[in-house]
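Thanks for coming, everyone. Please have the structure open while I talk.

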Amino acid sequence: MRTIAVVIPAYNAERTIRRMLEALAGQHPPPHEVIVVDNGSTDATAGIARELNARVITVPGAGLVGRARNRGWEAATADVVVFLDADAIVGPDWAAGLQRALAEHPKAVVGCARRLVGRNSWSWVAQLQVGSPWIERGGPRQVRALPSFCVAVPRDAPIRWAESFGGEDGLFAVDALRAGLPLVFDPRFYAVHDEYRETFGELRRWQRRLTYGMARCRSVQREGWRKRIFWRFPIHYFALARLPLIHRRLRHDPQLRGMFLRYLPQMVVAEWTLGFSALRFVWRSPPERPAPAPLRQSASRAPSA
């Protein structure tokens, strides 16, 4: 059995950090170490993490998620580093499922399923728009990309997260594939991504961030020619071409299918607004990412508090 370090980048995460750390503490087997990288929080995030016996590393200033993940990676000593967002609440059998996946795919980057949970119409729309490819359906399979809210990486992998804003998931997937690391999605264990997008305004801000990141990955993405074309010319959003695909993914889950049909008018609006956000990058591209962060051989330089 491989030892597990869980690295949690956290910025003003007091709403969810207690629940997610308690969920980790209840796992069998529990993680070897839990590292919370406090990314410039101004709330009680760090105090709650210490109260629940997590190791806290402080990164001065309101930093970027890639930088926080890399600092936690430097500090980890376990065989495998699992990156969890501070609003990712793992399921009861998450650790057992992770160990099974790591035993079956020992040299892979592994991602788990996303259980979709909404609180109102717009939160359900946000979950359905991006979460349907990653629901608990089917068996383990190799993929070309993984969502980074819950991803396990061999600690000695020769890559690091991009320390600049936008497209961290896609850029990390590209680097992993180039390094010869398979990407494996295993839907047999899950986490809930408890994101706070309950208003149309919050949804729109998230869509703008999403399309910015997609545009940054456009020149290097490895997900096939269709993605390459649609990221450049996002007509599929306006044609509502994704909605039948999303519905088909949900066909084995009556609850999710019911949520999709219930909020279909809002889904139509959200697809159009996602398309308008993507249009900003048809003729221009965001800045290229800087050179990958250098690998550090020692965790002793990581600042802690």
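How many disulfides are there? By the rule that a disulfide is a pair of cysteine sulfur atoms within 2.5 Å, the count is zero. One pair deserves a look. The sulfur of C112 has its closest cysteine sulfur in C150, at 3.0 Å, and that is too far for a bond. Both residues are buried. Buried means under 20% relative accessible area, exposed means over 50%, and partly exposed is in between, using a 1.4 Å probe and protein chains only. C112 sits at 2%. C150 sits at 3%.

A word on the source. This is a predicted model, where local features need pLDDT of at least 70 and side-chain atom pairs count only at pLDDT 80 or more, while totals for chains, interfaces and linings use all residues. Residues are numbered from 1 along each chain as its sequence is written, and side-chain values use heavy atoms, with hydrogens and water left out.

Now the overall picture. The protein has twelve helices and nine strands. These are DSSP runs, numbered from the N terminus: H or I of at least four residues for helices, E of at least two for strands. Of the 305 residues, 54% count as buried.

Contact here means heavy atoms within 4.5 Å. Take the contacts between residues at least 6 apart in sequence: 79% of them join residues at least 24 apart.

Next, the cores. A nonpolar core is a set of buried Ala, Val, Leu, Ile, Met, Phe, Trp, Tyr and Cys residues joined through side-chain atoms within 4.5 Å. The largest one has 71 residues. Which residues have the most contacts inside it? They are I8, L21, L24, L84 and W94. Strand 9 gives the most to this core, seven residues. A second, separate core has 19 residues, including L116, L203, L243 and L256. As background, nonpolar side chains tend to be buried together in soluble globular proteins.

Look at L84. Leaving out residues up to four places away in sequence, L84 touches V6, V7, I8, P9, M20, L24, V90, W94, F149 and C150. So C150, one of those neighbours, is the cysteine whose sulfur is 3.0 Å from that of C112.

On to charge. Side chains of opposite charge can pair when their charged atoms come close. A salt bridge here is a side-chain nitrogen of Lys or Arg within 4 Å of a carboxyl oxygen of Asp or Glu. The structure holds 14 of them.

First up, D194 and R15 meet in a salt bridge, 3.5 Å from N to O. The partners are 179 residues apart: D194 is in the loop between strand 9 (183-193) and helix 7 (200-217), and R15 is in the loop between strand 1 (4-10) and helix 1 (17-25). D194 is buried at 9%. R15 is partly exposed at 37%. Both belong to a network of salt bridges that links R15, R19, R119, D194 and E198.

Then R115 and E136. Their closest N and O atoms are 2.8 Å apart. R115 lies in strand 6 (residues 109-115) and E136 in the loop between helix 5 (121-131) and strand 7 (141-143), so the pair ties together parts 21 residues apart in sequence. R115 is partly exposed at 33%, and E136 is partly exposed at 37%.

Then E195 and R197. Their closest N and O atoms are also 2.8 Å apart. Buried or exposed? E195 is buried at 11%. R197 is buried at 12%.

T16 is in the loop between strand 1 and helix 1, buried at 3%. A polar atom of the T16 side chain lies 2.7 Å from the backbone oxygen of A86. Beyond residues up to four places away in sequence, T16 touches A86, D87, I89 and D194.

D85 is in the loop between strand 4 (80-84) and strand 5 (88-90). D85 is buried at 15%. The D85 side chain makes a polar contact with the R69 side chain at 3.1 Å. A polar contact is a pair of N or O atoms within 3.5 Å; within protein, one must be able to donate a hydrogen and the other to accept it, and residues adjacent in sequence count only if both atoms are side-chain atoms.
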